[in-house]
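Trainee: Let's go through this structure in questions and answers. Keep it brisk, please.

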Amino acid sequence: MTTIDAIVSDLEARFDDVALGHVRAWKQAGSGRLAIGCLPVFAPREVLWAAGALPVFVRGAGDRLETIRGDAFYQSYICHLPRSTLELGLLGHLDALDGMIFPNTCDVIRNLSGVWQTTFPQHVARFIDPPQTAEPASAAAYLRHELTALHHDLCARSGVAPTAERLIAAIADVDAAHAAADELAAARRAEPWNLPVDEVYLLRRAADSMPPAAWAALARAYVAAARRRGRKPEDRIRVCLVGAFCEQPPRALLRAAERAGCYIVDDDLTQGVERCGPPPEVGDDGDPMAALALAWLRATRPSAVRYDQHARAGHELVARVRACGADGVLFAAPSFCDPALLDQPRLTRVLDQHAIPYTAFKYAENTGQFQAIREQAGTFADSVKLWGTA
Amino acid sequence: MSKQDAAIKKEASMEAQKGLLAGYFARLGRARDEGRPVVYTFVPGNLVELLSAFDVAPVYPEVNALQSAMRQRSGGFIREAERAGHSEDVCSYVKCDLGMLMKGNVGPTGDAIPPPDLLLLSFTGCFTFMQWFELLREQYRCEVAMLHVPYVGDGVVTDAMRSYVVEQLQREVIPKLEQVTGRRLDLDRLRELLACSRRAEDDLAWVFRSARHRPSPIDAYFGGVYYIGPIFTSFRGSEDACRYYATLRGEVEERLAAGQGPITPDGPLGDERFRLVIEGPPNWTSFRDFWKVFHDEGAVAVASTYTQVGGTYERGFRHDPARPLESLADYCLSCYTNLPLPQRSQILADMVREYEADGFVIHSVKSCNSFSAGQLHMLREVERLTGIPGGFIESDLVDARYYGHANIKNRIESYLQMLAARRAGAASAAAAAAAAAEVRP
Ligand code: SF4
Ligand code: SF4
């Protein structure tokens, strides 16, 4: 039986391995293996995995690296993620990757794809614009076309045959990891005192660059070991953390918020590796790519970077708060993040209608000061405990 | 010619444009009474010919924002939006528009802007547009039509992209327009409008290309933003626009024949000392002061990228009445900010060469990630491609808090001094080389 300490220490080592030694090791363990970097948040993991490529989420370097050269690429009013991502590339830390996928998450990532093309011509850089449309038939056909082209390109490089069977198997693998992620989320909601946010976060970040089945086994081992801790619940409020879906807050910030009196029982920190809707259903036509495209279009998980077709984002947040039994919402957005920040007023108006308390702060991935956030989260927790409102 | 003569000369096209704008706002004011549905949409990649085919009244929130800024009203609107919870960090165009809405939606001319019957969301070249319309939809609760124009990330407009846009036009946009207007699309009418667009586009492209002459008869950035007004907004496809661009072309032809430079707010520019290419949107809150920094030094913008956000006419794009929907799709896909950074850098470098520019300046605005994220990299790329050092200045579009006149003036003056020193160095090196060649046996 693996102890919780051993698991957490492995997770920490993996998290700190910014040069992706573990990805290199995975590639060396088999012939023709590829690793493909994916910027947040849309990543066609099943397509990559079916082509023999390990999907590797690149979510910036956080506070694990000092950004020096990356800063020379951006003005002060641009968020931090593209700077540290470039720093990783310039230091050779992403050399284990055979290519990078840039989804149309926002104009910053969109433009980063161009910076990447000229800065790292040796990397294959691919841009994917997942449809944001109310017209599903043409959107599904377009996305299917884009994913198929990607699949064929990657298969040509890895030497794997681009068959429907392999794609169906990859969909099943990724779905099994999603099931384990669901169990992890449920365990955290049930016993946040045994599954602290920064550990669970490390585990979820491990999913960024692990084969799906191996991660599912690790997640289950962690949940079992964490539950055995048998800690007692503390007098803390339960909160949903909203807005940190791309540039990641430092782990210390998550810890600070939790220690200030909040159990973070739901968040959107690692969007892209978790389920965003019902799994793809391969129809009678046996076309798994069409099923994948449709699954994306039918995704139900709310996101600031997806068109909110039915104007439901606020109500979905309320439902999410209720589902995880949260007492309130912590809006945590990266500074200068237009998608996260533009979404907030729309969401808070609906929270107000439902008398759900919230507070909001901004951060950068390399923030080193947490006192203000600790105080803000602490005051928020106290007022919710005292008056049920912030 | 005296300054006054020049001012009178300027007025033919300027007056025509003023008339167009006044007519536009007057028609907008009558739209409700006349039973014309009102459609809000965005400038880059707009489908104005399609809207005109349905005889709807288009409203461009960005244009309202920039007009408010030029009339010094944007600050109050932005503060209003920030009071309502919008972050200081986000695009000021959005906040200016939302603030204007909160203050009764009275437009730049003092007339109330009618609410939309349809929000036509086509977010070409900017992701923020999508959220802007989500915020407007919350206020208006009207019909929304969404056109997703894929970003041309790898630099090539593919058949798949074109078909995808055309299908959305057929299945989403046109049916919604048919629904709100109660009429069917008349494809022949659309073709006529597109043919008309093409004529105006030819004239506008000619006007911009006239800057290849020395001296340039136009300023393609500060003057250029006026030239693009009608064609980037409601007038493309109209006979009015054709007349306006024919008049403008005639004026520029005259200036060209007379060897005259561009007309600035302080009169005609006498001595063209520097030819520049400019990237990025202008500052609207201090537009005249901003321009003055350049024309005081004899610096003329011979080309700019901002004048391509609503169509790359100068680089050859034309609407094609023979392929109406495909042509609308190509138009949306090829707008400047829908192109990837390597292509944008190449366009800048090509313009520096084609227009024989002495240098290029990037004006980076805090609001606009679509333009700004990556511009420092573009600066280095264009320097590498042209061998010419670039200038870099920062402010904002409509938020006056980020416009620092003294700072911009200092930077531009230093940049131009550097260009002058470079030119003097090159001239003395050339003279030395010529002298060396002469003494050689
Ligand atoms: S943090 Fe926000 S603005 Fe920055 S890259 Fe991510 S989504 Fe874009
Ligand atoms: S981000 Fe730029 S292009 Fe987009 S709405 Fe704002 S100013 Fe316009």
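Trainee: How does the shell around ligand 2 divide by class into nonpolar, polar and charged residues?

Mentor: Bear in mind that this is a predicted model. The shell around ligand 2 consists of B:Cys91, B:Tyr93, B:Cys126, B:Thr128, B:Phe129, B:Trp132, B:Cys368 and B:Leu397. Cys and Tyr count as nonpolar here. By class, the shell has 7 nonpolar, 1 polar and no charged residues.

Trainee: Which helix gives the most to the shell around ligand 2?

Mentor: Look at the shell members B:Thr128, B:Phe129 and B:Trp132. The helix in question spans residues 128-140 and gives 3 residues. That is helix 6 of chain B.

Trainee: Now ligand 1. How many charged residues are in its shell?

Mentor: The surrounding residues are A:Cys79, A:Leu81, A:Cys106, A:Val108, A:Ile109, A:Phe245, A:Cys246, A:Glu247, A:Pro334 and A:Cys337. Glu counts as charged. The shell has 9 nonpolar residues, no polar ones, and a charged count of 1.

Trainee: Where does ligand 1 lie relative to the domains of chain A?

Mentor: Chain A is divided into domain 1 (17-137) and domain 2 (236-268 + 303-390). Both domains give residues to the shell around ligand 1. Ligand 1 therefore lies between domain 1 and domain 2.

Trainee: How much area do domain 1 and domain 2 of chain A bury between them?

Mentor: The domain centres, taken over C-alpha atoms, are separated by 26 Å. In contact are 20 residues of domain 1 of chain A and 14 residues of domain 2 of chain A. Carbon and sulfur atoms carry 57% of the buried area. The area is about 1,400 Å².

Trainee: Which residues in domain 1 of chain A lose the most area to domain 2 of chain A?

Mentor: Together they make up 31% of what that side buries. They are A:Asp63, A:His80 and A:Gln132.

Trainee: And between the chains: how much area do chain A and chain B bury?

Mentor: Contacts join 54 residues of chain A to 55 residues of chain B. Of the buried area, 54% is on carbon and sulfur atoms. Chain A and chain B bury about 4,600 Å² between them.

Trainee: Which three residues supply more of the area that chain A buries against chain B than any other three?

Mentor: Their share is 15% of the area on the chain A side. The three are A:Tyr77, A:Tyr307 and A:Leu342.

Trainee: How far apart are the end C-alpha atoms of helix 9 of chain A, and what span should its residues have?

Mentor: The helix has 16 residues, 212-227. At 1.5 Å a residue, they should span 22 Å. The result agrees, because the end C-alpha atoms are 23 Å apart.

Trainee: What covers the buried residues of helix 9 of chain A?

Mentor: The buried residues include A:Trp215, A:Ala216, A:Ala219, A:Tyr222 and A:Val223. An α-helix has 3.6 residues a turn, so residues three or four places apart point the same way. The cover includes helix 1 (4-16), helix 3 (45-50), helix 7 (164-190) and helix 8 (197-206) of chain A.

Trainee: Which peptide bond in chain A is cis, with omega about 0°?

Mentor: Most peptide bonds are trans. A:Val41, one partner in this cis bond, is found in the loop between strand 1 (34-38) and helix 3 of chain A. The bond joins A:Pro40 and A:Val41.

Trainee: What is omega for the cis bond from B:Arg214 to B:Pro215?

Mentor: B:Pro215 lies in the loop between helix 8 (187-209) and helix 9 (224-232) of chain B. Omega is near -10°.

Trainee: What is the phi of A:Ala311?

Mentor: A:Ala311 sits in the loop between helix 11 (288-297) and helix 12 (313-323) of chain A. The residue is partly exposed, at 39% relative accessible area. Phi is positive in this residue other than glycine, near 50°.

Trainee: Is A:Leu297 buried or exposed?

Mentor: A:Leu297 lies in helix 11 of chain A. Among the residues touching A:Leu297 are A:Pro131, A:Pro136 and A:Arg306. Buried means under 20% relative accessible area. At 19% relative accessibility, A:Leu297 counts as buried.

Trainee: How far apart in space are B:Gly390 and B:Leu379, C-alpha to C-alpha?

Mentor: B:Gly390 belongs to strand 10 of chain B. B:Gly390 touches B:Leu379, and also B:Phe360, B:Glu383 and B:Tyr415. In sequence, B:Gly390 and B:Leu379 are 11 residues apart. In space, the separation is 6.3 Å.

Conventions:
Residues are numbered from 1 along each chain as its sequence is written. Chains are lettered from A and ligands numbered from 1 in the order in which they are written. This is a predicted model: local features need pLDDT of at least 70, side-chain atom pairs count only at pLDDT 80 or more; totals for chains, interfaces and linings use all residues. Side-chain values use heavy atoms; hydrogens and water are left out. A residue is near a molecule or strand if one of its heavy atoms lies within 4 Å of it. Domain bounds come from an automatic or database domain assignment. Helices (H or I, at least four residues) and strands (E, at least two) are DSSP runs, numbered from the N terminus. The expected span of a helix is 1.5 Å times one less than its number of residues. Buried means under 20% relative accessible area, exposed over 50%, partly exposed in between (1.4 Å probe, protein chains only). Contact means heavy atoms within 4.5 Å. Buried area is the accessible area (1.4 Å probe) that two parts lose on being put together, summed over both.
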